[in-house]
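I set out to record what could be looked up about the ligand site, the strands and a few loop residues. The entries follow the order in which I consulted the model.

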Amino acid sequence: MSESTTAALLDRVQAPEGEGREILDAATREVIGRAPEQTVADLDDAIARAKAAQPAWEALGHEKRTELLLAAADALDARAEELAQLLSREQGKPLNGPNARFELGGCSAWLRTAATTPLEPQVLIDDENTHAELHYKAIGVVGAIGPWNWPMMITIWQIAPALRMGNTVVVKPSEYTPLSVLAMISVLNDALPQDALIAVSGGRDVGARLAAHPDVDKVMFTGSTATGRKIIESSAGNLARLTLELGGNDAGIVLPSADPQAIAQDLFWGAFINTGQTCAALKRLYVHDDIYDEVVDALAEVARRTPMGNGLSEDNVLGPLQNKQQFDIVSRLVEDAKANGGRVVTGGSPAAELGELFYPITLVADVADGVALVDEEQFGPALPIIRYSEVEDAVTSANRLDVGLGASVWGDRDEARKVATRIQSGTVWINSHGGVHPMIPFGGVKGSGYGLEFGVEGLKSVAVHQVING
Ligand code: TXE
């Protein structure tokens, strides 16, 4: 696909010359476009339009909405390569590997699944005295506030079920990756009626207003715990229902029955997909003493042969950190781990030769619970590897933090499944980490937030219930 078509897409959404905020290519730090700086007044206007459009969108009925959403998915597929190029430049993730093209494929798959998954009324009781049914209806206006790591896919996760259920949606993309989301929404809107889906590009003040607005009935949020707390506070004012995905610090436990060579590749991608900038990535790895050195060596071997660099090059499958804030967090945590006895196996300091925001895959062995790289979410390409000798202790370690999005157990399947039931997290994967599916519910427990996304549960979470009794 030519540059000029990506540029044409960008021109649809970016601010006019001399206006807006410059957005840089994450890899080269060249200016790629200008994000419109919309205001709280623009947001209020968007919410009013979405509220006005909602009854007609709901009245179309499921069948018609399904048809329109499938047409929107077709529009997305037709421009997938141009969108992937923009995403790669703005976010930093390479086109190739489980990255930008993969993200566009995910957007289409989730949109199609949300559009076609049935949610029939449930007959609760049907006897000679009572007939009661549970129905699900649109809530109203949904506010979708998203992050910068999987900006398009997470936005689709929020908007697709919401639209499917008859809600209209106002999206506030992350200020780090607005252009990707604006471009995607512009393409979707080629197939959708006016004002069913509106994006407002602005800063944190716009996000805060969207969460607190009296005409917003539900907020879908993926981002940091700190912002999640603020959204909970503002929901006391507008009583908005909330789905909060607040990230985590997923543990992986490698049992002595695991085969280090066989699991190395999957362990690697479990931790380093999107260069580690993934909500449910493996962020601390507990390995049994018997096979500790073999697992560390096997992971290091995968790290050495996995190329990092500019995402537009087809050779690369790992990219830069998306922003300086995240780069600084990763650098700080690695330095701290080194100062606290961590042994750097690969990486360990910025890959300045690749560009300003590149940090190499960094495996830090011989660290312990309590070190910041273990206890805090690094959200980047640095993995602490902790040695254990009793499975009991590894389970205690996995559960000791106040987050619980995902986790994984590696080794004999039956044994691993038994360990899995004792872990406090929304998902536990066996012999893999982080794979999601549009029909399998996903969501965190503890400090990772609440509410389920995907599948039938995901549709219910963007609906209000109604019991028809009689
Ligand atoms: O998140 P924020 P940031 C983690 C990761 C990262 C940290 C901060 O550790 O270092 O969060 O990232 C909007 N009311 N994750 O700064 O600030 C904001 O404009 C309503 C994990 O990007 O939470 C943006 O659109 N909205 C995470 C969105 O919230 C507000 C994925 C997220 O911003 C707001 C990304 C407010 N008061 C980062 N203030 C995951 N779940 O995996 C800001 N926003």
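The entries below cover the basis of the work, the ligand, the sheets and the loops.

**Basis.** I worked from a predicted model, in which local features need pLDDT of at least 70 and side-chain atom pairs count only at pLDDT 80 or more, while totals for chains, interfaces and linings use all residues. I number residues from 1 along each chain as its sequence is written, and side-chain values use heavy atoms, with hydrogens and water left out.

I first looked up where the ligand sits, and found it in the largest pocket. A pocket here is an open set of points on a 1 Å grid over the protein atoms alone, where a 1.4 Å probe fits, with protein on both sides within 12 Å along at least five of seven lines. A molecule sits in a pocket if more than half of its atoms lie within 2 Å of the grid points.

I then listed the shell: 28 residues surround the ligand, and the closest are K172, E175, R204, S224 and Q326. A residue is counted if one of its heavy atoms lies within 4 Å of the molecule. At least two shell residues come from each of α8 (204–212), β8 (218–222), α9 (225–238) and α12 (324–339). Helices (H or I, at least four residues) and strands (E, at least two) are DSSP runs, numbered from the N terminus.

Next I checked polar contacts, meaning pairs of N or O atoms within 3.5 Å. S224 has a side-chain N or O atom 2.6 Å from an oxygen atom of the ligand. For W148, a polar side-chain atom lies 2.8 Å from a ligand oxygen, and T227 also places a polar side-chain atom 2.8 Å from an oxygen atom of the ligand. The ligand taken alone exposes 820 Å², of which the protein buries 93%; these areas come from the Shrake-Rupley method with a 1.4 Å probe.

**Sheets.** I traced an open sheet of 6 strands with mixed pairing, in the order β7-β6-β5-β8-β9-β19. Two strands pair if DSSP finds at least two bridges between them. The edge strands, β7 and β19 (449–450), each pair on one side only. Within this sheet, β8 and β9 (241–245) run parallel over 5 bridges, and V219 has L242 of β9 as its bridge partner.

I turned to β14 (382–388), where 6 of 7 residues are buried, that is, under 20% relative accessible area; exposed means over 50%, and partly exposed lies in between (1.4 Å probe, protein chains only).

**Loops.** Is D195 buried or exposed? I noted that D195 is buried, with a relative accessible area of 16%; D195 belongs to the loop between α7 (178–188) and β7 (197–199). Its phi is positive, about 70°, although D195 is not a glycine.

N431, in the loop between β17 (427–430) and β18 (445–446), has a positive phi near 60° and is a residue other than glycine. N431 is partly exposed at 28% relative accessible area.

Last, I located L312 in the loop between α11 (292–304) and α12. L312 is partly exposed, at 31% relative accessible area. The C-alpha atoms of L312 and A84 are 9.7 Å apart in space, although the two residues are 228 apart in sequence.

Technical notes: Polar contact = N/O pair within 3.5 Å; in protein donor to acceptor, adjacent residues only side chain to side chain. 1 Å grid on protein atoms, 1.4 Å probe; cavity = no way out; pocket = protein on both sides within 12 Å on 5 of 7 lines; lining within 4 Å.
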